[in-house]
Amino acid sequence: MHYPIGLLFDLLASSSALPWNITVHFKSFPEKDLLHCPSKDVIEAHFMSCVKEADALKHKSQVINEMQKKDHKQLWMGLQNDRFDQFWAINRKLMEYPAEENGFRYIPFRIYQTTTERPFIQKLFRPVASDGQLHTLGDLLKEVCPSAVAPEDGERKNQVMIHGIEPMLETPLQWLSEHLSYPDNFLHISIIPQPTD
């Protein structure tokens, strides 16, 4: 329950045929792999915690702190009830930044790999380099997870997936964060072994 379903699909089933068959366990589930969910309130608290963490990275928590409790509730209810307009009316504020700043303070991202025991990689990474150039997905991967990027003359061993697509490594990270972040405002990036077929 603590990973978005699209991320789980990218990590575990992206080479599967659709529709994806899912088995839901209400008891005797693998507690070492999944968080126990005692109530809907726990899911809401986890979601809001992630949104607040993302805003701390993007805006030093200024946007989320300026919102009222009813805005937080509207954000959650819009997501829970699949009401995009209700959700986006609030989430849009979390995706904006002052024009003079050229982007967010840091990009909220998590990189997941199927080949390691570590749940995910998360570090501070700015969308704009000190020389003013926009950082790309490739720049992020080279710095944070170099094994994910093929050497210039080497064979690709991994595939980078976000929302079921493989974005070009030249894509600006700020653009990815604005357009491909999950509802929790994080950019969830999957690194999976390159398919052999």
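**Reading cores, domains and salt bridges**

Author: Let us start from one residue of this predicted model: arginine 156 is partly exposed, with a relative accessible area of 40%.

Reader: How many salt bridges does the structure hold, and which residue pairs with glutamate 53?

Author: There are 5 salt bridges in the structure. In one of them glutamate 53 meets arginine 110, with 3.1 Å between the closest N and O atoms, and this pair links distant parts of the chain, since glutamate 53 sits in helix α2 and arginine 110 in strand β1, 57 residues apart. The two ends fall into separate accessibility classes: glutamate 53 has 30% relative accessibility and so counts as partly exposed, whereas arginine 110, at 9%, counts as buried.

Reader: What are the bounds of the domains, and how many salt bridges run between them?

Author: Domain 1 covers 36-95 and domain 2 covers 100-196, with 1 salt bridge between the two. Their C-alpha centres lie 23 Å apart, and the area buried between the domains is about 1,300 Å², of which 62% comes from carbon and sulfur atoms. On the side of domain 1, Leu57, Lys58 and Met95 lose the most area to domain 2, together 50% of what that side buries. Across this interface there are 7 residue pairs in polar contact, and the largest share of the side of domain 1 that touches domain 2, 9 residues, comes from α2.

Reader: Which residues have the most contacts inside the largest nonpolar core?

Author: A nonpolar core is read as buried residues joined through side-chain atoms within 4.5 Å. The largest one here has 22 residues, and those with the most contacts inside it are Ile111 and Leu140. Its largest share, 4 residues, comes from α6. Leaving aside residues up to four places away in sequence, isoleucine 111 touches several residues, including Phe120, Leu140, Val144 and Ile191. A second, separate core has 11 residues, among them Met67, Trp76, Phe87 and Leu94.

Conventions:
Residues numbered from 1 in each chain as written. Predicted model: local features only at pLDDT ≥ 70, side-chain atom pairs only at ≥ 80, totals over all residues. Heavy atoms only, no water. Buried < 20%, exposed > 50% of the residue type's maximum accessible area, 1.4 Å probe, protein only. Helix = DSSP H or I, 4+ residues; strand = E, 2+ residues; numbered from the N terminus. Contact = heavy atoms within 4.5 Å. Domains from an automatic or database assignment. Buried area = accessible area lost by both parts, 1.4 Å probe. Salt bridge = Lys/Arg side-chain N within 4 Å of Asp/Glu carboxyl O. Polar contact = N/O pair within 3.5 Å; in protein donor to acceptor, adjacent residues only side chain to side chain.
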